[in-house]
Amino acid sequence: LRSVDVGSEALDAAGGRPALAAAILAALVEAHDKSQEATASDVWGLYEGNSELLQAPLVQIGAGSTAEDLWANVTRTDETVRLAEELFTKYDEDQDGFWNLKETSQVQLATEGTDMAEEAFNALIIAAAADGGRNLTEDDLARGLSKQQVVELYTDAARQRQLGFMLDIFKDHSKVFQAAEAAAEQPDAAEAAGAAPQVS
């Protein structure tokens, strides 16, 4: 809405200045809401692809550019690939070379504390597919994420930025394997305590 034309009869038709003003305001609000709905996804896409726009308000108050890039530590090195492969192998329970819904949900529960819904899992499979998921079949969705896709998701900063999320292989690997080590040490500690002599 770029302009509002008010006819000479509008004042009488509306029933007075207050009523006319209210009608014009209502039309402006409605036009604004429709415009916002139509462009919301485009605006988010603009911000998502240009992180400096998100920094602009912080720059104005002197805090901009001091915030670390979320994906600064996401790199593909021998170490990050090894960690991602170790994490994949640990949760590939059926050893078929893929993370299915159950296995991926177990990973998310261990690293984030929440289960993964089937809709979110399917969306992840489609997003990770090279062709945008256009040629995926139901079997592909049921099979899940391949080892190569998991490694890529964990080690490709540009891919993560494109998909709009952040995965930290160092954090996730540490959570999973340190928890496993702690769980393994608990029985040993209990046995040691039981074997200790009782002093009366």
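This is a predicted model: local features need pLDDT of at least 70, side-chain atom pairs count only at pLDDT 80 or more; totals for chains, interfaces and linings use all residues.
View 1. Searching the whole structure turns up two aromatic pairs. In one of them, Phe88 and Trp99 are stacked, at 5.4 Å centre to centre with 20 degrees between the planes. Because Phe88 belongs to helix α4 and Trp99 to strand β1, this pair ties together parts that are eleven residues apart in sequence. Tyr91 and Trp99 make an edge-to-face pair, as their ring centres are 6.5 Å apart and their planes stand at 90 degrees. Phe88 is buried at 3% relative accessibility, Trp99 is buried at 4%, and Tyr91 is buried too.

**View 2. Here is the largest nonpolar core, with its 20 residues.** Among the residues with the most contacts inside this core are Leu87, Tyr91, Trp99 and Leu145. Helices α4, α6, α8 and α10 each supply at least two core residues, and α4 gives the largest share, six. Have a look around Trp99: beyond its sequence neighbours within four places, its contacts include Thr104, Val107, Phe121 and Val150.

**View 3. Helix α6 (residues 118–128) has Phe121, Leu124, Ile125 and Ala128 as its buried residues.** These four lie on the same side of α6, because they cover an arc of only 100 degrees around the axis. Their cover includes β1, α5, α7, β2, α8 and α9.

**View 4. Two charged ends sit over rings.** The charged end of Lys90 is over the ring of Phe177, 5.7 Å from its centre.

Technical notes. Residues are numbered from 1 along each chain as its sequence is written. Side-chain values use heavy atoms; hydrogens and water are left out. Buried means under 20% relative accessible area, exposed over 50%, partly exposed in between (1.4 Å probe, protein chains only). The arc is that of the directions from the helix axis to the C-beta atoms. Contact means heavy atoms within 4.5 Å. A nonpolar core is a set of buried Ala, Val, Leu, Ile, Met, Phe, Trp, Tyr and Cys residues joined through side-chain atoms within 4.5 Å. Rings of Phe, Tyr and Trp (its six-membered ring) pair if their centres lie within 6.5 Å; planes under 30 degrees apart count as stacked, over 60 as edge-to-face and the rest as tilted. A charge sits over a ring if NZ of Lys or CZ of Arg is within 6 Å of the ring centre and within 35 degrees of the ring normal.
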